Structure formats: structure tokens, C-alpha cells
Amino acid sequence: MVSWARPCASLLLAFAAIAVSCCLQDAYVGAAAAPSFGDNFEITGAEDHVKTSPDGQTWYLSLDNKTGVGFQTKQKYLFGWFSMKLKLVGNDSAGVVTAYYMCSDLDAAPQRDELDFEFLGNRTGEPYIIQTNVYRSGVGGREMRHSLWFDPTADFHSYSILWNPKQIVFFVDKVAIREYRNSDKPNLFFPIAKPMYVFSSIWNADDWATRGGLEKTDWTKGPFVSSYSDFTADACAWGGTAGPAPPACAAVTGDSWWDQPPAWALDKGQRQDAGWVARNLVIYDYCDDRKRFPTVPEECKLRTTTTS
């Protein structure tokens, strides 16, 4: 049984206060033993670049100058709550990208839907940048970039996506850092019809990831390792035997917590948290980029988070 993740009502304007603001009710409650990574995922790529903790609850993905590696869920989902704890590559990670994302296809198909977390490495002592993006039918370009209020290489932190027909929200430690809303029209750039797998990977992207490709990967610092634990999908599973027909849970029935009115919009406390993030941690927002978008994209006008 999953309950709606709700940040504390008040937010003090300081980095330490954000950490306090994350003392929220748990994003999920489960009595059963947590499934191992192998229960949910299969490895994509070089299996010798994945190590597993003795209890099967943590995976370690490594990148070297030969190859990276990734994994994907064994089934697709349409709507729900998806959460993973990650500990990112430490020290000099320039050029390295750790991706945690959802995608409707097993490859970069031209008509794919996609929801992205990408963690862009940096030189020693420089902060990580977190990039989020949304694709609908192969059209992306909806990037936002944020800095973080903690060191994501020092310990595990949770990164979560809430996806329902009304909104998509990206959370970091249960703080909403980005909302992406649908409308009654509907929003032509809102992914709503295609079930998605959950993926993660670590790979070399030194042609663009760090200072636009100016900083190259230093392979003498490798191998580079990202760590993963506590995957949760409280979601509508699209089983492989269901064929093209959607499962009953894909309809807006209100049977699941993520399919009820409290999960259809940010509440007051979440808007306060997201507003603080918008004022203090946003590095790039496509909605403000008049060079790329002379006219403000329609979905940008649907946001309820304000910087005032």
C-alpha cells in the first residue's frame, strides 16, 4: 500500500532546511520482504560490469574505457509511482552519465515516450548536475537542469517519478523538483498512452555531458561505479500476456492512491518546496529559453509552481 509522498508544510530557506523538510512520511509502506534486483530487472550489456550485494538488494554498475552497462525492468508500466535510491560516482566523474529513466521502447525508437533523470558528472569538487526531460512520440527538448542541496556521491538518495494522467512529478528525496502537467485539451506533449519500462545505465558522454563536452573522461580514474537500491514500483503493470489491450488499472478509476485527486496536483507544501527549488537550484529551464522557444511552450503555462 502506497501513500502519497507529502513534504513538510513549511520550508526554511537554507540547504540544511531542505534536508529537514525531507523528514516526510514514507513514500510507501510494505510488509512483505523487498524483492531483489534480479526479481525486477534484467541486465542489458556486459554482465561482468554488474556486481550484486550478498542480500541481492543493491546493484553496482561500472563503466570503464571498454564499455558501460545498464538494466531494465522485465515488464512495462502505465502510470504509478517509481522510486530508486542511487549513490552516484564519486571523485572525478567528468564525462560520466548515470541515467535512470522510463521509456516505452527497448531502444531509442523515433516515436518513443520517455521520462528521464540524468546525472551529469563533473570534475573533483564540482557539483553534480541533474537533468530531467520528457518525450512524447519522439519529441523531447523539454530539459531542465538543477543543482542539488547535498552530495549525491556520499550516500544513497531517492529519486522518484509520479506519473498519472494529470501530471508527472520528479522528486528528489520526496521533494518535488519539477512538475509537468496535462490539461483537458489535452497537452500534446504529455505522454499518456504508451506503457514504459524502467531503465538505468552508466555510460560515457564526454562529447556533451560536462561543460558541453569540454571536460573529457579521465579513464585513469576508472572504473566508475554507480550504486542502486530499494527500487519500488507501485504502478499499473502491463503484463506481457495482456496483448495490446490495456489492463484495468490503466483507466482513471481511483482504485490506486496515485490515481486519486490528492495525487493529481501538488499540494501547498509541495508547491512551497518546488518554489524554493525553482528560485535557488534551477540551472536551466527550457520554458525560459526564448532562443530555442520564441513562444512559450503550451505545457509551461500549466505549471502551478511559482518563484515568487
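This report describes selected side-chain and backbone features of a predicted model. Residues are numbered from 1 along each chain as its sequence is written, and side-chain values use heavy atoms, without hydrogens and water. Local features need pLDDT of at least 70 and side-chain atom pairs count only at pLDDT 80 or more, whereas totals for chains, interfaces and linings use all residues.

**Aromatic pairs**

The whole structure contains 21 aromatic pairs; rings of Phe, Tyr and Trp (its six-membered ring) pair if their centres lie within 6.5 Å, and planes under 30 degrees apart count as stacked, over 60 as edge-to-face and the rest as tilted. Two of these pairs are tabulated.

| Pair | Centre to centre | Angle between planes | Class |
|---|---|---|---|
| Tyr77 and Phe82 | 5.5 Å | 65° | edge-to-face |
| Trp81 and Phe171 | 5.3 Å | 55° | tilted |

Strands (E, at least two residues) are DSSP runs, numbered from the N terminus. Trp81 and Phe171 are both buried, as are Tyr77 and Phe82; buried means under 20% relative accessible area, exposed over 50% and partly exposed in between (1.4 Å probe, protein chains only). Ring pairs also join Phe41, Trp59, Phe71, Tyr228 and Phe231 into a cluster.

**Charged and polar side chains**

The charged end of Arg112 sits over the ring of Tyr135, 4.5 Å from its centre, and that of Arg142 over the ring of Phe189, 4.0 Å from its centre. Such a placement requires NZ of Lys or CZ of Arg within 6 Å of the ring centre and within 35 degrees of the ring normal.

Asp289, in the segment after strand S15 (282-285), is buried yet has no salt bridge, a term for a side-chain nitrogen of Lys or Arg within 4 Å of a carboxyl oxygen of Asp or Glu. The nearest side chain of opposite charge to Asp289 is Arg292, 4.5 Å away. The side chain of Asp289 does lie 2.7 Å from that of Tyr284 in a polar contact.

**Backbone features**

The peptide bond from Gly222 to Pro223 is cis, with omega near 0°. Pro223 belongs to the loop between strand S13 (197-204) and S14. Arg211 is also found in the loop between S13 and S14, and its phi is near 50°, a positive value in a residue other than glycine. Arg211 is exposed, because its relative accessible area is 56%.

Notes: Helix = DSSP H or I, 4+ residues; strand = E, 2+ residues; numbered from the N terminus. Lys, Arg positive; Asp, Glu negative; His and termini not counted. Polar contact = N/O pair within 3.5 Å; in protein donor to acceptor, adjacent residues only side chain to side chain.
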